[in-house]
Structure formats: structure tokens, C-alpha cells
Amino acid sequence: MLILSPSILAADFTKLGEQINETVQAGAEYIHFDVMDGMFVPQISFGMPVLETIRGCTDKVFDVHLMIEDPGRYVEAFAGAGADLITVHAEACTHLDRVIQQIRAVGKKAGVALNPATPLSVLDYVLDELDMVLIMTVNPGFGGQKLIPYCLQKVRDLRAVCEKRGLAMDIQVDGGIKASNAREVIEAGANVLVGGSAVFSGDVTANTKAFMDVFAGLEAL
Ligand code: DX5
Ligand code: ZN
């Protein structure tokens, strides 16, 4: 299934609930939370209280992208705040296997994110433990950047590895994704697309529908 995960980092925070509703009404299945700590990435964004507040207004999947150092410290807290899927960066974990187990232990789906320059091989021994791999298509830290083209090759390579190993893995792409390049990333093997500025700049409903049109066109094939 093709899924759009709007990144609220790009939303208008004065009307956050309203804008999330617009994306959901127009077909978004996930909501992407970009949590930044000012250490792993330069920016500081938001944390658990924002999830808790929004949890009250939707039952959609909370897709939490932790761009924080040593994320194991906060797995329980984000699970308690309403996360359904918790994604940590391989680069931020000294003990990646342990953090994946922590996510499993609180009954949530586990994802691992890889920065553009990080090779897929870091996942060789843990791939079977994951629900999703997030291939960053920009260097994390800011919305509104341009997709780095070589990352698509990484998506293709990962899809091939998963097929070879018989894993029905969700592959998420994040950074510079737009309706105009959605088809290309899906054809490379991604099935969960994060959209920040492409969803929230301008008409949120129309922007979301533009992604849905691409999905419908591909699903009809
Ligand atoms: C990058 C974040 C992304 C970002 C996406 O650090 O992980 O989720 O907000 O924004 P766009 O779609 O504008 O590149
Ligand atoms: Zn993200």
C-alpha cells in the first residue's frame, strides 16, 4: 500500500489540528513527527507534549522520526505520548540492536533511518527485526531541501535486498519529496512517502490530493 506521511514540521502551528485534518480528509494515513534535539541535527523542534495533544484529535498512525542522540532514552516516553511507529537513526545509536528491542518491548513498530552517506550494510544483521527502513533523501535537520538523487539508488538496492530475503519491508523516503517526483521514488521501491513543504505550503487539501492522484495512478497499473 502506498502511504503519505505529512511532516507537520512544515505546518502552520497556529492551525495545526485543522491542517492535520485536511491531510487526513484528503487521504493521508500517517502523520510524521520530526523530533529534533539540537545535537544530532542543529534544530530543536518539538517533543512529547505535541504528540499527546494531537493524539486527542486523530487515530491515524503516528510516525515518529527521532533525530536525537541516544534515542533509547526516550523510546518509552514517545510510546506513552502516542507514537505507533518509532524510527531512530542508526548514526545516533551506539547500541542499535538494543534500541530496536526497546521499541519492540513497548509494543510499537520499529524503524531505522539512514542518512544519505550511511551504507545499507549497517542493517545487514537487524533487517529482519524492522517494520520499516527510512532512507533519508536529504541530510536531516531542515525542511524544504532538494532530494539528493543518489539516494534513489539506495532505495532500489534496499528493495532488492528485501526481496531477496523475502521481507515485505516498508521503505520510507523523507526529504524533498513532492507529487512531481513521487512516481520516481515509488518506482525505486519506496512505499511510505514523507511530505513536508510539498504538503503544507499553499493549499493543503489540493497538495495532499496531488499525492493521492499519483498513488491511484500507480495502484491502478
Ligand atoms: C528533515 C525531516 C523531514 C522534513 C521533510 O530533517 O526529517 O521530514 O521535514 O520536509 P520536506 O518535505 O520539506 O523536505
Ligand atoms: Zn522526517
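I begin with a term: a residue is called buried when its relative accessible area is under 20%, exposed when it is over 50%, and partly exposed in between, with a 1.4 Å probe and protein chains only. The model before you is predicted, so local features need a pLDDT of at least 70 and side-chain atom pairs count only at pLDDT 80 or more, while totals for chains, interfaces and linings use all residues. Residues are numbered from 1 along each chain as its sequence is written, chains are lettered from A and ligands numbered from 1 in the order in which they are written, and side-chain values use heavy atoms, with hydrogens and water left out.

Let us turn to strand β4. Helices (H or I, at least four residues) and strands (E, at least two) are DSSP runs, numbered from the N terminus. H89 lies in β4 and is buried, with a relative accessible area of 0%. Its side chain makes a polar contact with the side chain of E91, at 2.9 Å. A polar contact is a pair of N or O atoms within 3.5 Å; within protein, one must be able to donate a hydrogen and the other to accept it, and residues adjacent in sequence count only if both atoms are side-chain atoms. Contact here means heavy atoms within 4.5 Å. Beyond its neighbours within four places in sequence, T87 is in contact with residues including D63, H65, G111 and M132. A113 is also one of these contacts; T87 and A113 stand 26 residues apart in sequence, yet 6.3 Å apart in space, C-alpha to C-alpha.

Next, helix α1. Which residues of α1 are buried? They are L16, Q19, I20, T23 and V24, in a helix running over residues 16-25. They cover an arc of only 140° around the axis, which puts them on the same side of α1; the arc is that of the directions from the helix axis to the C-beta atoms. In general, an α-helix has 3.6 residues a turn, so residues three or four places apart point the same way. The face turned away from the buried side carries the exposed residues E18 and Q25. The buried residues pack against several elements, among them β1 (3-6), β2 (30-36) and α8 (204-219). Just after α1, G27 takes a positive phi of about 125°.

D70, which is not a glycine, also has a positive phi, of about 50°. D70 sits in the loop between β3 (61-67) and α3 (75-81) and is partly exposed, at 45%.

Now the interior. A nonpolar core is a set of buried Ala, Val, Leu, Ile, Met, Phe, Trp, Tyr and Cys residues joined through side-chain atoms within 4.5 Å. The largest has 64 residues, and I8 and L193 have the most contacts inside it. Helix α8 gives the most to this core, with 6 residues. A second, separate core of 9 residues includes Y30 and L85.

Finally, ligand 1. An oxygen atom of ligand 1 is 2.6 Å from a polar backbone atom of G141. A side-chain N or O atom of D174 is 2.6 Å from an oxygen atom of ligand 1. Taken alone, ligand 1 exposes 380 Å², and the protein buries 99% of that; such areas come from the Shrake-Rupley method with a 1.4 Å probe, and for residues only the protein chains shown count as cover.
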